[in-house]
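Colleague: I have this model open and would like to learn how to read its features. Could you walk me through it?

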Amino acid sequence: MPEPDDVFDLLGLTEYERTALRELISLGRTTAPNLAEATGIPKARIYGVLDALSDRGFLKVIPGRPKEYQAKHPDAILDRAIENQRQDFEQFEITIEDARAAFLAEYEPRFERAREDISPAAELFHVVDVGQPSERETRRIYEQATEEVSVLSKSFEYFDAIEPAFEGALDRGVEISVLMLDPDQLAPTNREIQQSIVDELRAHYPSVGVRFSTKQLPWRGTLADPSMEYDSGTAILLVQEDDVPNHMRQAAITENGSFVAGLKRFFDLVWEYESESSE
């Protein structure tokens, strides 16, 4: 969760704009020269800074000689920031859609020509770095899931990074099962992390099934919507490589229905025959 002062960074402000807005909230109604004096912002820059904040809707300008400036209520600032982002996205979406036909006409044939040279084996996986890229792909799997998601993880230590997508999937009626490594096989630090995650799942997401694998997990990852007809499913996984640091590791992503079905059969067998209740 961001700290209060971190929110100023989320608003996309420059350093001077952050400083001016923070000080205006504390000072109340004041003039540009007074604000420049209080913040150390050069007087030659202060009016441009205030105009930028006003354009974003974060402060009020009171006419007079001289003009005065007053920050809006902090809650109103956050609401306006959300509205600004929404409008920016709508404009971005319009721009992309306007360019779609010409872009596809130019680049879709190139893509298809290149695709003809790719063998089926090469299409089985593509990879992303472990960390933010793999977390982003994992969130995508939750966001696109329609029926079920299965998770294999030693301690589910990345849960905070994917929780909004996790919760969103549950709200849509997606069934989620989490298989973690037995805590007796974890290092003390990982055991504490795992316990905190398990406690959170029990407290806030009681519908989620949680079990502990009694044997080491040869791979870890997330898979969604497998089909025993082998025609659907998505998964992200990485194999156990204790000697390779995380920043050098990669996760494999597949949408091969046969492979995802095989991963699900492995998950179900471990869940049924080689795991214990987290209770």
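This is a predicted model: local features need pLDDT of at least 70, side-chain atom pairs count only at pLDDT 80 or more; totals for chains, interfaces and linings use all residues.

Colleague: Let's start with the helices. At what angle do α3 and α4 pack, and how far apart are their axes?

Modeller: For a helix pair, look at the angle and the axis separation together. Here α3 (residues 32-39) and α4 (residues 43-55) pack at an angle of about 110 degrees, and their axes are 9 Å apart. An angle from 65 to 115 degrees counts as roughly perpendicular, so α3 is roughly perpendicular to α4. The crossing of α3 and α4 is right-handed.

Colleague: Which residues of α3 and α4 meet?

Modeller: On the α3 side they are Ala32, Pro33, Leu35 and Ala36, and on the α4 side Lys43, Ile46, Tyr47 and Leu50. Sorted by class, this contact of α3 with α4 has 7 nonpolar residues, no polar ones and 1 charged.

Colleague: Is Ala36 buried or exposed?

Modeller: For that, turn to relative accessibility, where under 20% means buried. Ala36, which lies in helix α3, has 5% relative accessibility and therefore counts as buried. Setting aside residues up to four places away in sequence, Ala36 touches Ile41, Lys43 and Ile46.

Colleague: And what does the packing of α2 with α3 look like?

Modeller: Helix α2 (residues 15-27) and α3 pack at an angle of about 110 degrees, with axes 10 Å apart. That is why α2 and α3 are roughly perpendicular to each other. From α2, the residues Thr19, Ala20, Glu23, Leu24 and Leu27 meet Leu35, Ala38 and Thr39 of α3. By class, the contact of α2 with α3 has 5 nonpolar, 2 polar and 1 charged residues. Notice Leu35, listed in the contact of α3 with α4 and also in the contact of α2 with α3.

Colleague: Now to a strand residue. Which residues is Glu68 in contact with, leaving aside its neighbours within four places in sequence?

Modeller: Glu68 is found in strand β3 and is partly exposed, with a relative accessible area of 24%. Its contacts beyond those neighbours are Arg29, Thr30, Thr31, Lys60, Val61 and Ile62. With Arg29, Glu68 makes a side-chain to side-chain polar contact of 2.7 Å. As for Thr31, its C-alpha atom is separated by 4.5 Å from that of Glu68, although the two are 37 residues apart along the chain.

Colleague: How does Ser275 read in the same way?

Modeller: Begin with its place, which is strand β11 (residues 275-277). Ser275 has a relative accessible area of 10%, so this residue is buried. The Ser275 side chain reaches the backbone oxygen of Trp271 at 2.6 Å. Not counting residues up to four places away in sequence, Ser275 touches Leu179, Arg211, Phe212, Ser213, Thr214 and Val270.

Colleague: What about Val239, where is that residue found?

Modeller: Val239 is in strand β9. At 43% relative accessibility, Val239 counts as partly exposed. Its contacts, leaving aside neighbours within four places in sequence, are Pro218, Trp219 and Arg249. To compare sequence and space, take Val239 and Arg220: they are 19 residues apart in sequence and 6.3 Å apart from C-alpha to C-alpha.

Colleague: Let's turn to the backbone. Which residues does a cis peptide bond join?

Modeller: Omega is the angle to check. The cis peptide bond joins Arg65 and Pro66, with omega of about 0 degrees. Pro66 is found in the loop between β2 (59-62) and β3 (68-71).

Colleague: What is the phi of Phe156, and what is that of Tyr230?

Modeller: Phe156 has a positive phi of about 55 degrees although it is not a glycine. Phe156 lies in the loop between β5 (148-153) and α7 (159-171), and is buried, with a relative accessible area of 0%. Tyr230, also not a glycine, has a positive phi of about 65 degrees. Tyr230 is in the loop between β8 (219-224) and β9 (234-239), and counts as partly exposed at 42% relative accessibility.

Terms used. Residues are numbered from 1 along each chain as its sequence is written. Side-chain values use heavy atoms; hydrogens and water are left out. Axes are lines fitted to C-alpha atoms, for helices over the stretch in contact, and angles run from 0 to 180 degrees between N-to-C directions. Helices (H or I, at least four residues) and strands (E, at least two) are DSSP runs, numbered from the N terminus. Angles under 35 degrees count as roughly parallel, over 145 as roughly antiparallel, 65 to 115 as roughly perpendicular and the rest as oblique. A crossing is left-handed if the near helix is turned anticlockwise from the far one by less than a right angle, and right-handed if clockwise. Contact means heavy atoms within 4.5 Å. Ala, Val, Leu, Ile, Met, Phe, Trp, Tyr, Cys and Pro count as nonpolar, Asp, Glu, Lys and Arg as charged, and the others, Gly among them, as polar. Buried means under 20% relative accessible area, exposed over 50%, partly exposed in between (1.4 Å probe, protein chains only). A polar contact is a pair of N or O atoms within 3.5 Å; within protein, one must be able to donate a hydrogen and the other to accept it, and residues adjacent in sequence count only if both atoms are side-chain atoms.
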